[in-house]
Amino acid sequence: MNIRKITSDVYYVGVNDRVKTKFEGLWPLPYGVSYNSYIVGGSKKLALIDTVSIDEVREYFNNLDHIAVHRSIDYIIINHMEPDHSGALPEVMRRYPECKIVGNSKTIEMIKGFYHINDESRFVVVKEGDTLDLGDRTLRFTLTPMVHWPETMMTLIEEEGVLFSGDAFGTFGALNGAVVDSEMETDIYIAEMYRYYSNIVGKYGKFVQKAISKLEGVALTYICPTHGPVWHDEIARVVDIVQDLAAYRSEPGVVIVYGSMYGNTAEVAEMIAQEIAALGIKKIIIHNASNSDMSYMIRDAFRYQTLIVGTATYSMRIFPPVETFINAMQTREIKGKVFGCFSNFTWAPNAAGTQLQEFAESMKMPIVATLPIKQSANDATRFEAREFARKIVDAMKNA
Ligand code: FEO
């Protein structure tokens, strides 16, 4: 049981998942993940904010039984319907038969579809800016579609500036005892915030920007997301991080993602990295796409300014793990990179290189440097790699 009083009327009642190895069946969870849920107790009504994954209900209902021992839950506010937050909803409804679900029209449609809860008398439908009076505490609802699903909304306690933000400002990583950032070391969570954002929400940058703009002028005391720590001391820091990621603003650094069958393309990746390092760039990350998990390649491509993609030609196409990576970039509509590419071919006339150029065109990213290699590096390749690196570093300085 991990119940944490956040303010006089707000309690954390979420749970940790240290069993699941991949979030959404895709993204590794080396530190686990938390599913956050909160209780807001007004003088008249008690509201539960989101629920948790169905996988972790035992501890969750222990928490609810403990916190709501003398009062029943009057409302469940559904900020986000993804099953990691709504999985326990049917059981909450069964245990608290008087409880009403509060959501927007899209939320209600999804509840009917996912959980076949069709009793209209149990729904309270809210719109942008609507409020719900709990007695001395007023919840105000802000619709924030596509952060991360179309029904997503945020809920603010007006009197306290406590924001329940859904997936926004969330991170991977289970909570290790403490809940609020001021009571823990946050390094891992901040690092995992980049991976969480880029993997999960990365496609929806313009919607995230719009959602954050709706918060302008609100004096926030706590941000309570659906995953990871509650933010208090570090609100300004995490808002800056998410704003930058949403606007595709990146940090100085070079990410090289390559795919190689027999080491010839890998050799050129190493050469390019050495030449870039020789020009004074200290932050260089190399991913062999055959071995690196997609989750980390996406994270680094989002976070850093320069992306270099190298590939062997495979069946007249980009080497499959590299193709999966560039597809992920297209899906997330990544922008604003200093971009270079290199490609290796044996007999097909640089088919993979042509495809990389098509990728860059589709993303509206000018190609700063290219380097085709036939079969393997030769005496000229070192000089070509040096020239490639010079073009990249010049572009980084001018970006
Ligand atoms: Fe944590 Fe979009 O659900």
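**Bridges, strands and a buried serine**

Modeller: Start in helix α3 (residues 89–95), where both Glu-91 and Arg-95 lie, four residues apart, about one turn of the helix. Helices are DSSP runs of H or I with at least four residues, strands are E runs of at least two, and numbering goes from the N terminus. The model is predicted, so local features need pLDDT of at least 70 and side-chain atom pairs count only at pLDDT 80 or more, while totals for chains, interfaces and linings use all residues. Residues are numbered from 1 along each chain as its sequence is written, and side-chain values use heavy atoms, with hydrogens and water left out.

Colleague: What makes Glu-91 and Arg-95 a salt bridge?

Modeller: The term asks for a side-chain nitrogen of Lys or Arg within 4 Å of a carboxyl oxygen of Asp or Glu. In Glu-91 and Arg-95 the closest N and O atoms are 3.0 Å apart. That is within the limit, so the pair counts.

Colleague: Why is Glu-91 called partly exposed?

Modeller: Buried means under 20% relative accessible area, exposed means over 50%, and partly exposed is in between (1.4 Å probe, protein chains only). Glu-91 has 22% relative accessibility, so it is partly exposed. Arg-95, with a relative accessible area of 37%, is partly exposed as well.

Colleague: How many salt bridges does the structure hold?

Modeller: The structure holds 24. One of them joins Asp-9 to Arg-137, with the closest N and O atoms 2.9 Å apart.

Colleague: What makes Asp-9 and Arg-137 a link between distant parts of the chain?

Modeller: Asp-9 is in the loop between β1 (4–7) and β2 (10–12). Arg-137 is in the loop between β12 (131–133) and β13 (138–143). The two are 128 residues apart. Both are buried.

Colleague: How do you know that Arg-299 and Asp-300 form a salt bridge?

Modeller: Their side chains meet at 2.9 Å, N to O. Asp-300 is buried, because its relative accessible area is 3%.

Colleague: Which residues show that both faces of strand β7 (residues 38–41) are covered?

Modeller: In a regular strand the side chains alternate between the two faces of the sheet. On one side of β7 are Tyr-38 and Val-40, on the other Ile-39 and Gly-41. These four are all buried.

Colleague: How do you know which strands pair with β7?

Modeller: Two strands pair if DSSP finds at least two bridges between them. β2 and β7 have three bridges and run antiparallel. Here Val-10 has Val-40 as its bridge partner. β7 and β8 (residues 46–49) have four bridges and also run antiparallel. Both counts meet the rule, so β7 pairs with β2 and with β8. In β8, Leu-48 is the bridge partner of Ile-39, and Ile-49 is that of Tyr-38. A hairpin of four residues connects β7 to β8.

Colleague: What is the strand order of the sheet that holds β7?

Modeller: The order is β1-β2-β7-β8-β9-β10-β11, an open sheet of seven strands with mixed pairing.

Colleague: Why are β1 and β11 (123–125) placed at the edges?

Modeller: Each has a single partner strand, so one side of each is left without a neighbour in the sheet. Neighbouring strands are turned by 25° against each other on average, direction ignored. For such angles, axes are lines fitted to C-alpha atoms (for helices over the stretch in contact), with values from 0 to 180 degrees between N-to-C directions.

Colleague: Which strands form the five-strand sheet?

Modeller: Its order is β12-β13-β14-β15-β16, again open and mixed. β12 and β16 (222–225) each have a single partner strand, so they stand at the edges. β12 and β13 run antiparallel and are joined by three bridges. Leu-132 stands opposite Leu-139 in β13.

Colleague: Why is Ser-295 called buried?

Modeller: Its relative accessible area is 0%, so Ser-295 counts as buried. It lies in helix α9 (residues 294–303).

Colleague: What makes polar contacts with the side chain of Ser-295?

Modeller: A polar contact is a pair of N or O atoms within 3.5 Å; within protein, one must be able to donate a hydrogen and the other to accept it, and residues adjacent in sequence count only if both atoms are side-chain atoms. The Ser-295 side chain reaches that of Arg-195 at 2.8 Å and that of Asn-199 at 2.4 Å. Both distances are within the cut-off, so both count.
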